[in-house]
Amino acid sequence: MHRILSTYRYVNQPLTAELLGSIAQAGIPGVEIFCASSHFNYRAAQSVREVASALEEYGLQLHSLHSPTERDSESGHQSGVSISISDPERIRRLDAVDEVKRALEVAERIPFRFLIQHMGSGRQAADPRKFDAAFNSLEHLIVFAKQRGVTIALENKPDELGSPESLQQFVKDTHLNQLRFCFDTGHAHIESGIGPGFELMRERTVTTHIHDNHGDKDEHLLPYEGSIDWAAALGAFASATEPLPLVLELKERAPGVPAFDEICAAFDKIEKHLDEKSAGAARTR
């Protein structure tokens with residue numbers, strides 16, 4: 001299992017070379033970087049160069065970028081203006097597309113495979129106008145991403161617009177067949193459940209977000225700290241045609257928490273149980 005940590009755990013602090021070095025020293029070989037300007041200023045060439053240099057120095061792979069969800073956030077806080085590629089207001093939608101393009105341009109300096117993209121911002125209803133706006137945005141962004149060697153992976157969210165059912169139907173209706181999915185365990189657990197959600201998204205899922213909660217809010221806990229049935233979840237992943245990258249996407253609960261030893265222990269437990277499930281799945285084929 002390839003261990004990948006999302007820097008969302010550190011989103012309220014700058015993404016420094018020292019922080020990336022600490023991730024590497026913990027034995028974690030890959031990262032997904034969360035694009036928040038106070039954390040990683042993806043628009044600034046100097047910031048991108050510094051991160052590229054640190055990744056190379058510490059032998060870290062950039063697996064993916066998480067597309068920006070806010071613009072002009074204040075330092076140290078996620079408190080800016082929401083970005084939504086499904087905004088029915090054309091000016092705001094084009095603004096959002098421009099911001100996503102700036103994030104994709106990072107691939108010109110630091111290659112990465114996937115851009116993780118939300119359909120909207122916050123919890124949104126399945127409004128046909130928003131699906132039309134998302135189609136117009138993604139039709140353009142898919143080409144822009146492909147030119148830079150990046151695949152866009154839509155992430156399931158705990159709302160109507162970003163539900164597994166909506167994402168699957170959206171691709172079917174729009175024929176945007178180059179889109180792929182990022183399956184988020186915590187979001188699925190809040191809604192229809194991991195088993196049904198993954199079954200809907202399985203065919204197009206190329207990466208994941210792994211975190212736990214108690215079924216009522218998006219807590220981004222370490223696996224096994226909430227109420228997700230991880231035996232069932234990992235059993236579903238083990239049945240995938242190809243091994244899925246498992247990206248831990250955690251939230252800082254207090255300064256320094258969760259710590260690297262807790263994160264690595266979670267990776268160890270997931271890997272052990274996934275290996276057991278994969279062996280079982282192989283025997284039944």
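Guide: Strand E1 (residues 3–6) and E2 pair in the parallel sense, over three bridges. This is a predicted model: local features need pLDDT of at least 70, side-chain atom pairs count only at pLDDT 80 or more, and totals for chains, interfaces and linings use all residues. Residues are numbered from 1 along each chain as its sequence is written, and side-chain values use heavy atoms, with hydrogens and water left out.

Visitor: What makes E1 and E2 a pair?

Guide: Two strands pair if DSSP finds at least two bridges between them. E1 and E2 have three bridges, so they pair. Ser6, for one, has Glu32 of E2 as its bridge partner. Strands (E, at least two residues) and helices (H or I, at least four) are DSSP runs, numbered from the N terminus.

Visitor: Why is the crossover from E1 to E2 called right-handed?

Guide: Point the strands away from you: the path from the first strand over the helix to the second must run clockwise. The chain goes from E1 through helix H1 (residues 17–25) to E2, and this β-α-β crossover is right-handed, so that path runs clockwise. E2, helix H2 (residues 45–58) and E3 also make a right-handed β-α-β unit.

Visitor: How do you know that E2 pairs with E3?

Guide: Five bridges join E2 to the parallel strand E3 (residues 61–66). Pairing takes at least two, so they pair. Phe34 has His66 of E3 as its bridge partner.

Visitor: Why is E2 called mostly covered?

Guide: Buried means under 20% relative accessible area (exposed is over 50%, partly exposed in between; 1.4 Å probe, protein chains only). Five of the five residues of E2 (residues 30–34) are buried, so E2 counts as mostly covered.
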